[in-house]
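Student: I would like to learn how to read the features of a protein model one at a time, with the cut-offs stated as we go. Could we work through them together?

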Amino acid sequence: MKQKLALKLSFLLLAFAVFAGAVVWDYTRAPTRQLEKNIQTAATEQGASGRKTLPHFSFKDLNGKSYNISDYTHGEKQIFINFWASWCAPCIEEFPIMIEQARKYPQDWIILAFSVDENPAEARKFIQRFAADWPQNMILAADHDKAISQGIFQTIRYPESYILSPHMTIRRKIVGMVSPADFE
Amino acid sequence: MIRFYVLFFLFLTLSFPLNARADNVFLDKRAFEQIPVLHEGRVKPVLSMARGYLIRFSGRDTVQDLDSYTAQAWLAELLFTPEQAMFRPVFRVSLPTLREVLGLERSSGHLYHYHELQQAFRTQSDFLNQTLALDSNQWSNVQKDLIDLHENMIVFNQLMNSFSLLRPLNLSSEMIDVLPPYAQDWARAKGNYLQSLIFAERLRQQATRLAEKTTKAGTDLATLSASDQAVLSLAFMLEEMRLHGALNIVFRVVPSSYSRMAQETGQSEFFAPWALYEQGASGPETAPIIAEWAQILQAYQNSDTEKWQQSLAKIRDYSIHTNSDLMRPYALGLEWGYHHVKPMELSFLFCLLGFLSLLIFFISGRGDWRRVAWISLSCAVLVHGAALLARVIILYRPPISTLYESIIFVAWVAMAFGLLLAWLTNRQTQRADFAVFAALLSGVILNLVAFTHTAHGETMIVLAAVLNSGFWLATHVIIITIGYALCLFAAVLAHVQLYQFPHPAARKTIGLDHMVLNTTRLALLFVIVGTILGGIWADQSWGRFWGWDPKENGALLIALWLVWLLHARMTNFFADYHIMAGLAALNIIVALSWFGTNLLGVGLHSYGFSDKTLWSLIATTVIEIFLIGGLLWRIQRHKRLII
């Protein structure tokens, strides 16, 4: 009698477990199956590399000289990218910090400070006033059409900065003013 | 019988396509429904969010208009073509006084669209401001509903503007012709807000100069040239969009690893598109996601099915590969399936079918109907149990954490216990039939109660951390809730026993008495163990084992009630039917302990006062008192038969 009861109970539990398992399996599988093909296409387009690896890009400094980011990706130096504008108050305050840090760590950092001013004259005026003397490992670049700041880095508020490894992967993003601690 | 069940399932299968909504859109809804979105602290499929909001606004999960729209189709329209969505009647204003205050005319189902409510609020802004100035405790019912409606409209507005930064600005050709050259190409190409940022600073400076000049000269803006007016209009338009956008945080579909918190924790955060930029969480990684959302927006507006599906698939792929503990793709799929299958409604239907079949069997005596009832109960137990399991996986927490969850858990325990009891006894006896009857009746009533205890239609809410963790909490709640379920089951059986007393046939079903008492003993065991475990958890969390909290007193009351009746039975202190009446009254005791203690508004188990619960509790108590009183009166009348 007891065996019969145990059998009945086991059957009930087994039936429940099988049903619940089937439901779980089917529900989780359904959407994947539906979009599997499209997702595979998307994954292929995206590529196997990490998403944080940046594309190489070229740019000009405020005097019109051309550069390519790949010029800085072979050494040991970390790349510090800063986006600033002449009308941005915190940018005035952070510029001396960047200059000071660039001087302090010439072997460790290359600083690319991109002006997003639509009018290059405004940017030059700013430099004359607040950063007339800048070190060799700092490049004052121009991004008048925001192709780099907005197009690649999605920056629309200033100042914003990125710390990149020599292999063009993003190590950190800094929103707002930088501090000396960011370079340590 | 088999033929009957085939017909029933055929009916169920056919009823689903009948329910299908005539969504007036080309799109593949499944692709959109499955997009992960962070909402109320949990990553869920868009379908869940859409249903939650539509039920919260309108009290139903479809839009009843010229076409019948599903929640997901409504949300797609609201996000991508808000100019149409704002004319869909989705806001329920059920209070007649509030309709009067807002000057709203009669409308079908008391449903109104955003545009007309916006107009109404403009005329009644003083009343709204006066209400907002008051403390919320002082609000009348009208003011409470007014604030709820206003909050719902704010959410609607946020959803409506979620993608305004990507939506092309349709400027008039007259305006475009007189815009400065730097803005003209953008305007002709139907550029959006994000693209306008390339010249935003120049436009802002020009507009500021114009405004200062006009103010200084004291001239009217109308006297400015058409070109200057166009500059001011465009600058104002873009600034207004920015100000609106700065507060837009509801539709959080963009995962980002660039926010401060994400960088500190190594876990991606989800942002609404506007917030992504405003809070500095955008970055190279989010660029393709935003680009895909722009494609989706365009595809929706141009009815481009291929682009729609491709872009949604890419978005889903990006999202499900996000490095976040909140992202669990299998749970997303399960939740999507849960909403489509609606297992709780299915469980209720099975219970109802079984209950009616059993009633027919009792009246007609035909064995086929009994089998239908048994199979229905088995199906209900399986579907309901699978739903509970699915909820555990989806919510990633023990099955009982809210009032709603405790109700559906109690329903399942009562049904499963009834089925087990019937299975373990001789199936051909009336005793087994009454166990099935009690299980089905508990299933019907508790499922109905559960439907009325959802939070704005949302059944999967996220809890405060204190309720979401702790081994002792989980075990205590589960065990005490099983105790509640067994008490309710015993109470239903006790009603049946009371009904049976006057009949001579009752002698044949003497076993029922043992069934009630054994269930009661088991209930007592669970209530006592559950209460002790609760004490252990309370000691760990609050530093005391027992604090005379209303909920603790409630559990103690149940235990004392059961001990009292069981001792009375052992000592023959009361007549059997009095003991059965006491056990039938367990329904009242459990309801007071389960729901009533929450109404007191004091103690650590207080979940807030609700008028609806208060009236339901009063109604339950009154009905039970009359029912048990009536059954006792009936027994008194037939006392000789019992003796």
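Student: Which strands form a hairpin with two residues between them, and which residue in the turn has a positive phi?
Tutor: Strands, like helices, are DSSP runs numbered from the N terminus (E for strands, at least two residues; H or I for helices, at least four), and two strands pair if DSSP finds at least two bridges between them. Here β1(B) and β2(B) form the hairpin, and B:E40, in the turn of two residues, has a positive phi of about 50 degrees. Strand β1 of chain B (residues 36–39) runs antiparallel to β2(B), with four bridges joining them, and B:V37 stands opposite B:K44 of β2(B). This is a predicted model, in which local features need pLDDT of at least 70 and side-chain atom pairs count only at pLDDT 80 or more, whereas totals for chains, interfaces and linings use all residues. Residues are numbered from 1 along each chain as its sequence is written, chains are lettered from A and ligands numbered from 1 in the order in which they are written, and side-chain values use heavy atoms, with hydrogens and water left out.

Student: Which way do the residues of strand β2 of chain B point, and are they buried or exposed?
Tutor: The terms follow relative accessible area with a 1.4 Å probe and protein chains only: under 20% is buried, over 50% is exposed, and in between is partly exposed. In β2 of chain B (residues 42–45), B:R42 and B:K44 point one way while B:V43 and B:P45 point the other, and all of them are buried.

Student: How many residues of β4(A) are buried?
Tutor: Seven of the seven are, so β4(A) is largely enclosed by the rest of the structure. Both of its faces are covered, with A:W109, A:I111, A:A113 and A:S115 on one side and A:I110, A:L112 and A:F114 on the other. Its parallel partner is β3 of chain A (residues 78–84), over seven bridges, and A:W84 has A:S115 of β4(A) as its bridge partner.

Student: What is the distance, N to O, in the salt bridge of B:R397 and B:E405?
Tutor: The side chains of B:R397 and B:E405 meet at 2.4 Å, and both residues are buried.

Student: How many aromatic pairs are there over all chains?
Tutor: Rings of Phe, Tyr and Trp (its six-membered ring) pair if their centres lie within 6.5 Å, with planes under 30 degrees apart counted as stacked, over 60 as edge-to-face and the rest as tilted. By this rule there are 49 pairs over all chains. Among them, B:F355 and B:F437 have ring centres 5.4 Å apart and planes at 35 degrees, so this pair is tilted. The pair links distant parts of the chain, 82 residues apart, with B:F355 in helix α20 and B:F437 in helix α23 (residues 430–451) of chain B, and both residues are buried. Ring pairs also link A:F57, A:F59, A:Y67, A:F83, A:F114, A:F153, A:Y162 and B:Y258 into a cluster.

Student: Which residues form a nonpolar patch on the surface?
Tutor: Patches are made of residues with over 30% relative accessible area and no salt bridge, like charges being joined within 9 Å and nonpolar side chains (Val, Leu, Ile, Met, Phe, Trp, Tyr) within 5 Å. B:L356, B:L359, B:F362 and B:I363 form such a patch, with about 380 Å² of accessible area together. B:F362, found in helix α20 of chain B (residues 343–364), counts as partly exposed because its relative accessibility is 32%.

Definitions and conventions
Areas by Shrake-Rupley, 256 points an atom, 1.4 Å probe, with all protein chains shown as cover. Salt bridge = Lys/Arg side-chain N within 4 Å of Asp/Glu carboxyl O.
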